[in-house]
Amino acid sequence: MDVRKFTAHGTKESRNRATRGGSRMVLGAVALAAATLMPLTASGSASASSAAAAEGACTPWRSIQVDRNAAGVKYRECDRYSGLNTQTKAQLYIWDNRHDGKVAQVYTATGSNLNNRWHQTWHKFYVWGNESRHSPLVDTGWHKGHDVRVLLKAVRG
């Protein structure tokens, strides 16, 4: 069984995340201070800013395939920040490309890499076995953390 595991931010960035934690808090405090000192010029810009903050910023789409493309997942990670609270979520599409008695199983988890240790805050399995089309968009919802892990397997279904 071929198993692939990736973090949405990549290994190098995940390792550096713990050292940047303090600078993120400082930058967040500076941004908060700047926002309170800067008057808004139009009420429309205030509502657009809050809507963008609620949706969060997302990475580009990434793909994982296993067993010579028998199963695949296309995913991205979105993060949002509110003061000191950081939340993350995954959005993904799952494919089962081969009629071989196996289904695509995706394990997603959210958490943080602190001092090169993974601290998980949430996880869930998703399964898709329809070979004629990919799954509808799966949105994991917002959960505490800075990072998303995605694990794909082709398992007997």
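Is Asp139 buried, partly exposed or exposed, and what is its relative accessibility? In this predicted model, Asp139 counts as partly exposed, at 36% relative accessibility. The residue belongs to strand E8, which spans residues 138-139, and it takes part in a salt bridge that is described below together with its partner, Lys89.

The overall architecture is considered first. The chain contains two helices and 10 strands. Along the sequence, these elements follow the pattern β-α-α-β-β-β-β-β-β-β-β-β. Of the 157 residues in the chain, 34% count as buried. The accessible surface amounts to about 9,500 Å², and carbon and sulfur atoms account for 56% of this area. When contacts between residues at least 6 apart in sequence are considered, 65% of them join residues at least 24 apart.

The largest nonpolar core consists of 18 residues, among which Val73, Leu92, Ile94, Val150 and Leu152 touch the most other members. Two or more residues of this core are supplied by each of strand E3 (62-66), strand E4 (71-82), E5, E6, strand E7 (117-128) and strand E10 (147-156). E10 provides the largest share, with four residues. The burial of E10 extends over much of its length: eight of its 10 residues are buried, so the strand is largely enclosed by the rest of the structure. E10 also pairs with E6; the two strands run antiparallel and are joined by 10 bridges. Within this pairing, Thr108 has Val150 of E10 as its bridge partner. Val150 is also one of the core residues that touch the most other members.

Strand E6, which covers residues 102-114, also contains Ala109. Ala109 counts as buried because its relative accessibility is 1%, and the cut-off for burial is under 20%. Leaving aside residues up to four places away in sequence, Ala109 touches Trp118, Gln120, Trp122, His123, Asp147, Val148 and Arg149. One of these residues, Trp122, lies 13 residues from Ala109 along the chain, and the C-alpha atoms of the two are separated by 5.5 Å.

Two salt bridges are found in a search of the whole structure. In one of them, Asp67 is paired with Lys102, and the closest N and O atoms are 3.9 Å apart. This pair links distant parts of the chain, since Asp67 is in the loop between E3 and E4 whereas Lys102 is in strand E6, 35 residues apart. Asp67 counts as buried, at 19% relative accessibility. Lys102, with a relative accessible area of 23%, is partly exposed.

Strand E5 spans residues 85-96. Lys89 is buried, with a relative accessible area of 5%, whereas Asp139 is partly exposed at 36%.

Backbone geometry was examined in two loops. Most residues other than glycine have a negative phi. Asn69 has a positive phi of about 65°, although it is not a glycine. Asn69 is situated in the loop between E3 and E4, the loop that also holds Asp67. At 33% relative accessibility, Asn69 counts as partly exposed. A positive phi, near 55°, is also found at Asn115, again a residue other than glycine. Asn115 lies in the loop between E6 and E7. With a relative accessible area of 67%, Asn115 is exposed.

Key:
Residues are numbered from 1 along each chain as its sequence is written. This is a predicted model: local features need pLDDT of at least 70, side-chain atom pairs count only at pLDDT 80 or more; totals for chains, interfaces and linings use all residues. Side-chain values use heavy atoms; hydrogens and water are left out. Buried means under 20% relative accessible area, exposed over 50%, partly exposed in between (1.4 Å probe, protein chains only). Contact means heavy atoms within 4.5 Å. A nonpolar core is a set of buried Ala, Val, Leu, Ile, Met, Phe, Trp, Tyr and Cys residues joined through side-chain atoms within 4.5 Å. Accessible areas come from the Shrake-Rupley method with a 1.4 Å probe; for residues, only the protein chains shown count as cover. Two strands pair if DSSP finds at least two bridges between them. A salt bridge is a side-chain nitrogen of Lys or Arg within 4 Å of a carboxyl oxygen of Asp or Glu.
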